[in-house]
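Please look over the sequence and the structure shown here before reading on.

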Amino acid sequence: MKQAIVIGAGIGGLAMSLRLRKLGYAVCVIEKNEYPGGKLHAIEQDGFRFDLGPSLFTLPHLVEELHQLFPDQSVDFRFHAKSTACHYFWEDGTVFKAPTLPADFVEEAHEVFGESKKRIDLYLQKSKAKYNLTKRLFLERSLHQWSTYFSLDTVKAIINAPFLGLTNTLDKENQHFENPKLRQLFNRYATYNGSSPYQTPGIMSMIPHLELELGTYYPENGMHRISQSLYELAIKVGVEFRFRESVNRINHSLERVTGVSTNKGQHKADVVVSNMDIVPTYEKLMPDIKGPQKTLQQERSSSALIFYWGIARKFDQLDLHNILFSKDYQAEFDHIFNQKTLFEDPTVYINITSKETPSDAPQGQENWFVMINAPGDYGQDWEEMTARSRKNILQKIKACLKVDISDLIQTEHVLTPQGIERDTSSYRGALYGAASNDKFAAFLRHPNDNKRIENLYHVGGSVHPGGGIPLCLLSARITADLISRKR
Ligand SMILES: Cc1cc2nc3c(=O)[nH]c(=O)nc-3n(C[C@H](O)[C@H](O)[C@H](O)COP(=O)(O)OP(=O)(O)OC[C@H]3O[C@@H](n4cnc5c(N)ncnc54)[C@H](O)[C@@H]3O)c2cc1C
């Protein structure tokens, strides 16, 4: 049997291990941490359970698809659709509980923001059309194979380029709306791939379609169940895992991969797939190979500063996903992407899984995941910035929810961009690999196959098609397709 090695057990690496196994390889996953999942991990502290990383689950069929690769091996993975996407709050008392059904969204948004129904509906229809036109080209295939460019989807996407909004920013696209709060709400979708609405192209206005038509979901027992269930399935189908082992070299001979070296020894392989961020993969694992500079120098996506708080009471006005908006969104993104610092009036995201899984918090209490967007780690003083932001976040919560929660915090855990890089080797702690602040970003992302070393491949959020759980899963699907076509 041919041997495959996967470097890293993030969601991309786990998906890849299953797909390689299905292709008939003997698969070994080498992971430096003592647990699988990478960013999709969880902790328990003082009776509270916290998902550490992702909180929004879309396109669940991509996870189901992996479970269905092995119909004889059932592993429990259940999820349900949410009828409310998010609760939005502004300091002036405006509250918008966004429904996930487009027709309900239009009604509710008209009611709260006074925006014409026709205008909102037109925007959502355009969002859907953009998504359907581009998903096959940008998300589901390799952008680096000639066959992609000769397909009907490509021709359609190119013909419709002006409509796609590639030359506009998302913020300009959203000036479609008269109400500035609704504009701010739709600008927020830029953060779904760690970009700025004032720089990312207007094509990102397709993202609301994901949430409002295709839906948002919650995996039973939390986001961690996604990575755990894939890990359990991988074990069942015979994937070998080597935890607490760090790959420090990708070995090759005559420009063909031969295996890897780790802190514990050498492993031979016919195929190697790296799930490590692409920048350290080149810098640390193949210093002898000159990487594609434009790709490696691409601006990184935003990172995050997260407080995991056990809260001593329940808040009925909050749901699973909640956003407390900044009064000056443009200044906030200028701080993050240009000044590489944190804004004093941040937009605060609060995720509370105990709303869906009550056992995630002691009775009568809630587990709050409180996140603000942050610049990557460029050597800033994170201790000082974290202390300052903690005060600003508490202030924002007080201004929007009219409650001072300082004395309600029972337990606290904090994750900074430095911590994210330490735990997962993501360059500068970026959440989504490269930012999409440039209209050519999609084309500059590293391909899933390595053009310099044969039989070396790359999956995960820092390579094509991009970051976030669904795209990482697609990266594994595209890579498996590339590998199977070569055999
Ligand atoms: C706070 C936060 C919030 C997020 N919110 C969302 C969200 O709501 N929805 C969403 O879809 N996405 C979200 N994301 C993004 C999402 O988590 C990532 O895009 C995705 O999990 C990345 O997966 P990955 O496979 O690229 O690898 P990672 O999760 O980065 O894992 C890489 C793995 O490789 C291992 N590794 C690295 N180098 C080596 C080495 N040399 N040897 C051995 N092992 C190595 C690491 O230890 C790690 O386990 C969020 C991320 C964070 C951090």
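At roughly what angle do the axes of helix 3 and helix 9 cross? This is a predicted model, in which local features need pLDDT of at least 70 and side-chain atom pairs count only at pLDDT 80 or more, while totals for chains, interfaces and linings use all residues. Residues are numbered from 1 along each chain as its sequence is written, and side-chain values use heavy atoms, with hydrogens and water left out.

Two packed helices are described by the angle between their axes and the distance between the axes. The axes of helix 3 (residues 102-113) and helix 9 (residues 180-187) cross at roughly 135° and come within 10 Å; helices here are DSSP runs of H or I with at least four residues, and strands are runs of E with at least two, numbered from the N terminus. The axes are lines fitted to C-alpha atoms over the stretch in contact, and angles run from 0 to 180 degrees between N-to-C directions. Helix 3 is therefore oblique to helix 9, since angles under 35 degrees count as roughly parallel, over 145 as roughly antiparallel, 65 to 115 as roughly perpendicular and the rest as oblique. Helix 3 makes the contact (heavy atoms within 4.5 Å) through Phe105, Ala109 and Phe113, and helix 9 through Lys181, Leu182, Leu185 and Phe186. Of these contact residues, 6 are nonpolar, none is polar and 1 is charged, where Ala, Val, Leu, Ile, Met, Phe, Trp, Tyr, Cys and Pro count as nonpolar, Asp, Glu, Lys and Arg as charged, and the others, Gly among them, as polar.

Turning to the ligand, 35 residues surround it, and the closest are Gly12, Glu31, Lys39, Gly461 and Gly468; a residue belongs here if one of its heavy atoms lies within 4 Å. By class, this shell has 13 nonpolar, 17 polar and 5 charged residues. Helix 1 (11-22), helix 16 (417-424) and helix 18 (469-486) each supply at least two residues of the shell, and helix 18 gives the most, with 3 residues. An oxygen atom of the ligand is 2.7 Å from an N or O atom in the side chain of Glu31, and an oxygen atom of the ligand is 2.8 Å from a polar backbone atom of Gly468.

Two backbone features remain. His464 and Pro465 are joined by a cis peptide bond, with omega about 0°, and Pro465 sits in the loop between strand 19 (456-458) and helix 18. Leu59, a residue other than glycine, has a positive phi near 50° and is placed in the loop between strand 4 (48-51) and helix 2 (61-67).

Methods:
A polar contact is a pair of N or O atoms within 3.5 Å; within protein, one must be able to donate a hydrogen and the other to accept it, and residues adjacent in sequence count only if both atoms are side-chain atoms.
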